[in-house]
Amino acid sequence: MSLLKKPGITSLFLLLTHCFVVAQTCAECRYIAPVFDSVTVSTVKFGRGARADGSMQDLYMDIYQPYGDTAINRPLAIFAFGGAFVTGSRDDWYVVLVCEHLARAGYVVASIDYRIYNDAGELASEVASGLLISGVPYHMRIFFRPMQDMRAAVQYFKADYAELGNTYRIDTSRILIGGASSGGITALMVAYCDKPGELGELGAGSLVPIDALGGFYSTSGFYPTYSWKARAVFQVSGALLSDDWIEPGDIPVISAHGNADDIVPYGTGPFSGLTLGFFNMYGSAVVDSAARANGVCSYLFTMEGKGHPSESFGIEYLKSVVYRLMLRMHAVIHDRSFCCPLSVETTPTDTLFYQPHSGPQTVHAQLQHSQGQAHIQWCSIDCFETSSGPGLTFEPRDTAFKYVACIASEDGCQDAELITLRYLPPDTVNIAAGQHPADNNVRVYPVPATGELNLQGIPKYLNGKDMLITISDVTGRVVFSQRIASSGNMNVKLPCASAQPGCYVLSLAATNGVFHRQLILLQ
């Protein structure tokens, strides 16, 4: 199957021309921003395994590649869907979203099958069978079958590289495994449950249920002699059955998790997807803590106030999560650590509000704990502007969400920041009958402001009359308010020393209401 429609001759020429221009402009942003317009998708069978009911299941994966890409030795990202081990598929909308974004950034991406249960009743039956036999955790088969399947996917690509001519032009030393929810659990298990004794510890030393599936080192793949070792893990809302499995020397982990997740615990708690409470799981916050305690490089993006991932998050929010993970994946595939004491600060550090066609805006970065030799790379997403200097100037174009990535690298270390560019509507205050209409002739400068503002073009009919100047943050909280006699040209002293740098809304009001409102920057 392919997501790519066959273009005509003219369309093909334009597409290839655009790809060439993008490649020239955005070469530095490969693996950070979606620099390719489209992807191709092919489906292959990579394994076969027994289900819980004894039937056999063929295992397939969809392989995404950037259309028109001529690069070789490309990194591979393997992604597993979520669904509490009872539902989900590689065609789920968010799986396609993640895979397309990674592929458009230059990765080869594999969205894989793994064995799940037909329904929660079948799963509960398997768990119960273990509970009837004291000390033998037959429910471990729930987690081990998907582990076998992800192992098989890694082995397939390593075999293809060694025996079949490297069909997908990948670098087998740069394979990253990941997933969401139960897919994230599976990736973490493959990465860190790497000794038979670790799994046996959870069942009083018994590996009986695992031996029945072929033994701890078994896989469901066609190439069982190849290693399933990966370079790093990237996962959303996953967990481990034991945080003791993370040991010094293990591979890096890149995570995102909502701290209000009631399905897979952010910290420690039961996996509610199985509706079971007799064993705990250790979510991303504990995984991150255990990794850092053992010297394993770890990044955790905490989705504040968010529960388990769902469509309610919104596609744009999920994109921003993917981009944050990609910034750390970028460090891994370039042999850099994202855990070094190199820090990047951006101004503003989180969200920049803008209006389309309002003129160029510039974002700046400052380095801390460095000797000033760090390389700075800026990438706007979708790669309209790039820069390798202290700042990036961009031109707001429309009302859609956009992002800017700032990456600093120095001596094998890399840090990054993702800035959200969010549309700010023009003045939305309802001016009632008899009030002044919005005035577009007022000019406010400098931008950004450091200690004072100059106001020009105040309407003549207000000369000498009282005018209220209000500055509010983006939540509506007033940080400055002053009543002053108006004139055509004015200078206003600002309490910048007591205000946090960032975006604010300036409102000018006379007796009959607001007549001017605009976005300003304080620094």
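Which residue in β6 is the bridge partner of Ala180? The bridge partner is Val236.

## Basis of the model

This is a predicted model: local features need pLDDT of at least 70, side-chain atom pairs count only at pLDDT 80 or more, and totals for chains, interfaces and linings use all residues. Residues are numbered from 1 along each chain as its sequence is written, and side-chain values use heavy atoms, with hydrogens and water left out.

## Overall make-up

The protein chain has 9 helices and 26 strands. These are DSSP runs numbered from the N terminus: helices are H or I with at least four residues, strands are E with at least two. Of its 523 residues, 54% count as buried. Buried means under 20% relative accessible area, exposed means over 50%, and partly exposed lies in between (1.4 Å probe, protein chains only).

The accessible surface of the protein chain is about 22,200 Å². Carbon and sulfur atoms own 52% of that surface. Areas come from the Shrake-Rupley method with a 1.4 Å probe; for residues, only the protein chains shown count as cover. Contact means heavy atoms within 4.5 Å. Among contacts between residues at least 6 apart in sequence, 69% join residues at least 24 apart.

## Strand β6

Strand β6 covers residues 232-236. Here 5 of the 5 residues are buried, so the strand is largely enclosed by the rest of the structure. Both faces are covered. Ala232, Phe234 and Val236 lie on one side, Val233 and Gln235 on the other.

β6 has parallel partners, among them β5 (residues 170-180), joined over 5 bridges. Pairing requires at least two DSSP bridges between two strands. Strand β8 (residues 253-258) also runs parallel to β6, with 4 bridges. In that strand, Ser255 stands opposite Gln235.

## Nonpolar cores

A nonpolar core is a set of buried Ala, Val, Leu, Ile, Met, Phe, Trp, Tyr and Cys residues joined through side-chain atoms within 4.5 Å. The largest holds 114 residues. Met61, Ile78, Phe157, Ile177, Leu199 and Met329 touch the most other members. Beyond its neighbours within four places in sequence, Phe157 contacts residues including Met61, Ile78, Tyr168 and Thr172. A second, separate core has 19 residues, among them Val442 and Ile458.

## Positive phi

Most residues other than glycine have a negative phi. Tyr31 is not a glycine, yet its phi is positive, about 75 degrees. Tyr31 sits in the loop between α1 (9-25) and β1 (39-50). Its relative accessible area is 7%, so Tyr31 is buried.

Asp335 also has a positive phi, near 60 degrees. Its loop lies between α9 (315-333) and β12 (343-347). Asp335 counts as exposed because its relative accessibility is 60%.
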